[in-house]
Amino acid sequence: MSKSIRWRLVSMYVLLVLIVMIVSGTLIVTLTRQNEYDAIEERIRTAASYVTNQVADETSEEAVFTVLKQTIENTQLQYLNERIFLLDKSSTVVYSITPLEEKEFYTPQVVSAQNKGTLSQMDKVELDGKKYLGYATPVVFEDKVLYVIYVLGDLTSINANIREAIMVMLLAVAVAFIVAIILGILFSDFITRPIALLSRRARDMTRGRLDMKLKVQSDDEIGQLTANFNQMAVSLNDTLNEITSEKNKLEIVFQNMSDGILVFDWKGEMIHNNPASVKLLDLEGLSSYQEIFSGYLDLDYAELRESVQEHPYSHIIIFGEKFYNIYFANFMNQYDEAMGIICVIQDITEHKRLEEMQKEFVANVSHELRTPLTTIKSYAETLLDGAMDDRETAERFLAVINNEGDRMTTLVQDLLELSRLDNKQIRMVMQDMNLELILEECVEKYQIQAARKEQRLIYYPPEKKNCRIIGDPNRVEQVFKNIISNAIKYSGEKTLIEVSLLESDRKYKVVVSDSGMGISREDLPRIFERFYRVDKARSRELGGTGLGLAIAKEIMELHGGRIEAESEMEKGTTFYLSFPRQQAVTGL
């Protein structure tokens, strides 16, 4: 500011004052000089006329000469700054009071006077080192020019006065120059100080300080500008706060959303990503669209840009063992011009897995229902074809039909129960209960079933008999029955089945261990899936629906617990059922 507007204003103000002073001074000097010249011209004209008029009545040349000499002497005493000369017809000086080196004057005025003429332009004569204005007038006697009166006006005093005036003018210009600088600085400060404050305020705004207001010191345009600037700062602060808030919200969303976000500029270089995208894709060392999606998408970046101009583009890729849905769309600037492409990456692996499970579930349900229905239909057709007359065969066939009907009923009931569990339609009767008592009763109920296979079902109770939790006793008992019955079903004769209840600071753990055929490492992670069977033929033979463990897992999760399994082929399987202890109600 100090190097531009302020000093420009001072310079313009000083220059204006100088121009005015110089023009006015020049005009004054010129007018003064002209007035002085006019005064001298008037004086020498008057002096010349006075001398010539004195001889108008003379009758002889001698008398004329005598009168002229006497008149010149008298007149010279009145006109001290003028010099009067009497010239003959040849321009030679015939009489002069003051000594004169020059004896002749051949000037335009003299020549004109010798011819009875008059010139308006005065002679400029330099005589004895001085400058004069010269005027000549003829002395006519008997209609002929007898003499010429030539008067010189001294210009020395005029030049001295002019020089003095010029010096005064120069002094005035110098004083005016200094005063103009001082006034210019004061004037420029008055103008530029508010502008400088506005400039500093603008710099503060660029640093984020938008809460400072400037004092409005006048009602003129600068004051209005200051008020408008303050209002602009308030509006800008509000807008910036709103933008910052929205930006922070978006940053939080981007940083914490499970979908990956990649942003590419117009050239295909990656300019932004969120943690989810780094987690989903291996982005180390990759910085462009081509590097990231090479081998996964058939479109290069130019083709992709052209494609997304019409509508967003999506594609499913397989990255490692994961399925990703990649969604591309343009992002625009404030002028609705495409600036680049934003990419949203969704992990649909679980969705794909659920789709496969759904297909498998439908196929399993269809298969599980088709098998008993086929048996029932074939046995009924056999009875209708005449086997009904053989009572023993009819009873055996009807028993098979009845068993298959029971299997279908059990299957439908399990499916309905799973559906209600999935949709949270089962109402749990949560209450304080003794976990040890429920487990002990379940073990007692299955002792007879184990004895039929000459199996040993042993229960190891905890040291503390009162193991209390909050839960639904019927549902917890359902889980225990499922696990214990499976241990008995899938264990051979004369094998050992152990049930124990362990306690820790945070939970109770029920452990059911058998020494049956075991589960392979490949099948173990899937045993809680619906309709999944390790040995499908044997499971159907034993009446299993493949839904028991899935139901048990849902019930355990509704109680805040977990069910896990360990197994080794030909050595047996162990199930662990954990119940959170912190739900227990003490003192009951």
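How many residues does helix α13 have, and how far does it reach from its first C-alpha to its last? Select residues 473-489 to find out: α13 has 17 residues and reaches 24 Å, close to the 24 Å expected at 1.5 Å a residue. Keep in mind throughout that this is a predicted model.

**Stop 1: around helix α13**

Start with D472, at the start of the helix. One of its side-chain oxygens comes to within 3.1 Å of the backbone nitrogen of N474. Now colour the helix by burial. α13 is mostly covered, with twelve of its 17 residues buried. Among them are P473, R475, E477, N482 and I488.

Next, pick F480, which also lies in α13. Is F480 buried or exposed? Its relative accessible area is 2%, under the 20% cut-off, so F480 counts as buried. Show its surroundings and leave out residues up to four places away in sequence: F480 touches L435, I438, L439, C442, V510, L577 and F579. Take I438 from that list and draw a C-alpha to C-alpha distance to F480; the two are 8.6 Å apart in space and 42 residues apart in sequence.

**Stop 2: a five-stranded sheet**

Now move to the open sheet with the strand order β7-β6-β10-β9-β8, where the pairing is antiparallel. Which strands stand at the edges? Select 270-273 for β7 and 313-319 for β8: each has a single partner strand, so one side of each is left without a neighbour in the sheet.

For one place where they face each other, pick A329, which stands opposite I342 in β10.

**Stop 3: a hairpin**

Select β16 (residues 562-568) and β17 (residues 572-580). Seven bridges join them, and the strands run antiparallel. E568 stands opposite G572 in β17. How many residues lie between the two strands of this hairpin? There are three, and E570 in the turn has a positive phi of about 65 degrees.

**Stop 4: two loop residues**

D143 lies in the loop between β4 (130-141) and β5 (144-154). Its phi is positive, about 65 degrees, although D143 is not a glycine. D143 is exposed, with a relative accessible area of 63%.

Then go to E454, in the loop between α12 (447-452) and β12 (456-460). E454 is not a glycine either, yet its phi is positive at about 55 degrees.

**Last stop: the whole protein**

Zoom out and show everything. The protein has 15 helices and 17 strands, and 38% of its 588 residues count as buried. Of the contacts with a separation of 6 or more, 60% come from residues 24 or more positions apart.

Key. Residues are numbered from 1 along each chain as its sequence is written. This is a predicted model: local features need pLDDT of at least 70, side-chain atom pairs count only at pLDDT 80 or more; totals for chains, interfaces and linings use all residues. Side-chain values use heavy atoms; hydrogens and water are left out. Helices (H or I, at least four residues) and strands (E, at least two) are DSSP runs, numbered from the N terminus. The expected span of a helix is 1.5 Å times one less than its number of residues. Buried means under 20% relative accessible area, exposed over 50%, partly exposed in between (1.4 Å probe, protein chains only). A polar contact is a pair of N or O atoms within 3.5 Å; within protein, one must be able to donate a hydrogen and the other to accept it, and residues adjacent in sequence count only if both atoms are side-chain atoms. Two strands pair if DSSP finds at least two bridges between them. Contact means heavy atoms within 4.5 Å.
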